[in-house]
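Please read it alongside the sequence and the coordinates.

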Amino acid sequence: MLYQRSSALFAEAEQVIPGGVNSPVRAFKGVGGTPIFAKRAKGAYVFDEDGNRFVDYINSWGPMVLGHAFEPVITAITERAQLGTSFGMPTALETKIAQLAVSMVPNIDKIRFVNSGTEACMSAIRLARGYTKRDKIIKFAGCYHGHSDSFLIQAGSGASTFGTPNSPGVTQGTAKDTLLANYNDIESVQRLFEANKEEIAAIIIEPVAGNMGCVPPIDGFLNQLRAACDANGTLLIFDEVMTGFRLAKGGAQELYGIKADIVCFGKVIGGGLPVGAFAARNEIMNYLAPLGPVYQAGTLSGNPLAMAAGLAMLEALNNDTAVFDRLNEKTAYLENGIREVLEANNIVYTINRVGSMISVHFDSSPVVDFQTAKNGDNDIFKTFFHGLLREGVYIAPSAYETWFITDALTYEDLDFTIAAVNNVVKHF
Ligand SMILES: *Cc1c(COP(=O)(O)O)cnc(C)c1O
């Protein structure tokens, strides 16, 4: 495939946008080469500026669970735009999507809309701190909760229980309030509780991790977290920005039957427009301004175009009772196909999958946390990534990402993808 126009557009972008991109992972740093510029997309396919077609497994990093340019969403946005694009006054539309979200997701009474997953997680943490009157939080290594300061933290050295900044610009003062635990390791959580008695406001977790590849919670882990939170007066925050409205109508809470205290959303809930949200039961949500003392706001929060897109998306997911089963079946079919191909070619691999989240790791040992996720062979991944591109299959340009499966994929597309994997790995 030729990427002449993409290369030229990237060179031009680099002059005026840092690294030529508005979000770093798009820059292909993890895989080498230069990014492909998207021109349009429809259903399961994305078309680039050079006219190449790809079967798309990025899908805007999750939102397009029903495929690109999904008609009801496009119609809703187009119609809504005629009525004005922002008011700074409440609209009936906001209540409508809030009612629907509250009806679909377990254990929430009220929901507040923001503009990104980052904002949702940042606000959820502030609310948890205000509500519990405690400062510290626990996060898990390898989980991503957006780019706000409290989350850009890595494990501290040696005996320290608190983290250190993993980006310049994040202060030590912020880092000392974020404690790092290991995913699927309840003892690492219990040690933090013991060393920080009555100081921990919240545990925040991706109930199925999707930002170190797909890493499912091991049996009982989420239950143990729930129990540890209850024993310590700590709130459990599920960051369902990736899993929400993807794994089930009610997200991971429904799938695993675990009750979270605060739930964060993003990605699918906006139908491809910039939307995030956080939600909880009344007691907690009423702590938020203007009802309560915890401040949180947004000029464009609940924007009518974004709410129209989100509402059309949630309605489609709510009305189609078979959609989550279909997504699961399609992804299972893809998983089995890729397994057969990798085995036939004697490739060392691990595949993790929950519903329509799946990741291929080039390492034979189980991937259960950030440490084991890092064991994967990145050189093989790079070759795999570029090989798939040549075959017309676009997966995320990083070994630490899930593939996002959309219901727009047909079984022919899946067979095409499995054949592409075979064409690539037979040369390994
Ligand atoms: C994508 C993501 C975020 C951040 O959302 P943005 O909209 O990119 O700010 C937060 N948490 C999880 C689990 C995510 O996957």
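Rings of Phe, Tyr and Trp (for Trp the six-membered ring) are taken to pair if their centres lie within 6.5 Å, with planes under 30 degrees apart counted as stacked, over 60 as edge-to-face and the rest as tilted. The model is a predicted one, in which local features need pLDDT of at least 70 and side-chain atom pairs count only at pLDDT 80 or more, whereas totals for chains, interfaces and linings use all residues. Residues are numbered from 1 along each chain as its sequence is written, and side-chain values use heavy atoms, with hydrogens and water left out.

**Aromatic contacts**

One aromatic cluster is formed by Tyr 57, Phe 362, Phe 384, Trp 403 and Phe 428.

| Pair | Centre to centre | Angle between planes | Class |
|---|---|---|---|
| Tyr 57 and Trp 403 | 5.4 Å | 55 degrees | tilted |
| Phe 140 and Tyr 183 | 6.0 Å | 80 degrees | edge-to-face |

Helices (H or I, at least four residues) and strands (E, at least two) are DSSP runs, numbered from the N terminus. Tyr 57 lies in the loop between β3 (53-56) and α2 (71-81) and Trp 403 in strand β16 (residues 403-404), so their pair ties together parts that are 346 residues apart in sequence. Both Tyr 57 and Trp 403 are buried, where buried means under 20% relative accessible area, exposed over 50% and partly exposed in between, for a 1.4 Å probe and protein chains only. Phe 140 is buried, at a relative accessible area of 0%, and Tyr 183 counts as buried at 1%.

A charge is said to sit over a ring if NZ of Lys or CZ of Arg is within 6 Å of the ring centre and within 35 degrees of the ring normal. The charged end of Arg 53 sits over the ring of Tyr 45, 4.0 Å from its centre, and also over the ring of Phe 416, 5.9 Å from the centre of that ring.

**Strands**

Two strands pair if DSSP finds at least two bridges between them. Strand β1 (residues 38-42) and strand β2 (residues 45-48) pair in the antiparallel sense over four bridges, and Arg 40 has Phe 47 in β2 as its bridge partner. The two strands form a hairpin with two residues between them, and Gly 43 in the turn has a positive phi of about 60 degrees. Of the five residues in β1, the count that are buried is zero.

An open sheet of three strands runs in the order β13-β14-β16 with antiparallel pairing. Its edges are β13 (350-354) and β16, each with a single partner strand, so one side of each is left without a neighbour in the sheet. Strand β14 (residues 357-361) pairs with β16 over two bridges, and Met 357 stands opposite Phe 404 in β16.

**Enclosed space**

On a 1 Å grid over the protein atoms alone, a cavity is a set of points where a 1.4 Å probe fits but cannot get out, and a pocket is an open set with protein on both sides within 12 Å along at least five of seven lines, while lining residues have an atom within 4 Å of a point. The search of the whole structure finds one cavity of 30 Å³ or more. The largest cavity holds about 60 Å³ of space, a volume being the space filled by probe spheres set on grid points that are joined across faces, edges and corners. Its lining residues include Phe 384 and Trp 403, two members of the aromatic cluster described above. The elements giving two or more residues to this lining are β14 and α13 (378-390).

The second largest pocket has a volume of about 620 Å³. Of the 25 residues that line the second largest pocket, Pro 90, Glu 94, Arg 112, Ser 301 and Gly 302 lie nearest its centre. Helix α3 gives the most to this lining, with four residues.

**Backbone geometry**

The peptide bond from Ala 289 to Pro 290 is cis, with omega near 10 degrees, and Pro 290 is placed in the loop between α9 (282-285) and α10 (304-319). Phe 28, in the loop between α1 (4-16) and β1, has a positive phi near 70 degrees.
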